[in-house]
Amino acid sequence: QKLLKLLPDKNFLLMGDFNSPPDSEIIKKLNSTLKNTDSDLNQVSWNGYRIDYIFTSPDIETTGFQIIQTDASDHFPLTVKLQLPLHFGQSSHRHF
């Protein structure tokens, strides 16, 4: 709840190791509030479990989510292609 209150309304990514499976309360809450970039939550990202995620604000379009199987780390890397809105990263206010 505290994390969700800190997030802006648009133009953000939230990703990482949440140490929580898809059926946990926190991931259910994030899935109902944010855009999860992966529609198949049965894929594993660490030691036979799914605990890593990429979420975005609703204004960011995503395609091509992948979990890359590799021995480079104990967690598999997650990738996604982003289509950012034209206003991404720009302030809506002008400063003089």
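This is a predicted model: local features need pLDDT of at least 70, side-chain atom pairs count only at pLDDT 80 or more; totals for chains, interfaces and linings use all residues.
Student: How many residues of strand S3 are buried?

Tutor: Strand S3 covers residues 52–56 and is mostly covered. On one side stand Asp-52, Ile-54 and Thr-56, and on the other Tyr-53 and Phe-55. Both faces are covered, and the number of buried residues in S3 is five of five.

Student: In which sense do S1 and S3 pair, parallel or antiparallel?

Tutor: Strand S1 spans residues 13–17 and forms five bridges with S3. Within this pairing, Gly-16 stands opposite Tyr-53. The sense of the S1 and S3 pairing is antiparallel.

Student: Which residue in S3 is the bridge partner of Lys-35?

Tutor: Strand S2 is made of residues 35–36. S2 pairs with S3 in the antiparallel sense over two bridges. In S3, the partner of Lys-35 is Thr-56.

Student: Where does Asn-11 lie?

Tutor: Most residues other than glycine have a negative phi. Asn-11 is not a glycine, yet its phi is positive, about 65°. Helix H1 consists of residues 2–6, and Asn-11 lies in the loop between H1 and S1.

Student: Is Asn-47 buried or exposed?

Tutor: Asn-47 lies in the loop between S2 and S3. Its phi is positive, about 45°, although Asn-47 is not a glycine. The relative accessible area of Asn-47 is 56%, and the cut-off for exposed is over 50%. Asn-47 is therefore exposed.

Note on methods:
Residues are numbered from 1 along each chain as its sequence is written. Side-chain values use heavy atoms; hydrogens and water are left out. Buried means under 20% relative accessible area, exposed over 50%, partly exposed in between (1.4 Å probe, protein chains only). Helices (H or I, at least four residues) and strands (E, at least two) are DSSP runs, numbered from the N terminus. Two strands pair if DSSP finds at least two bridges between them.
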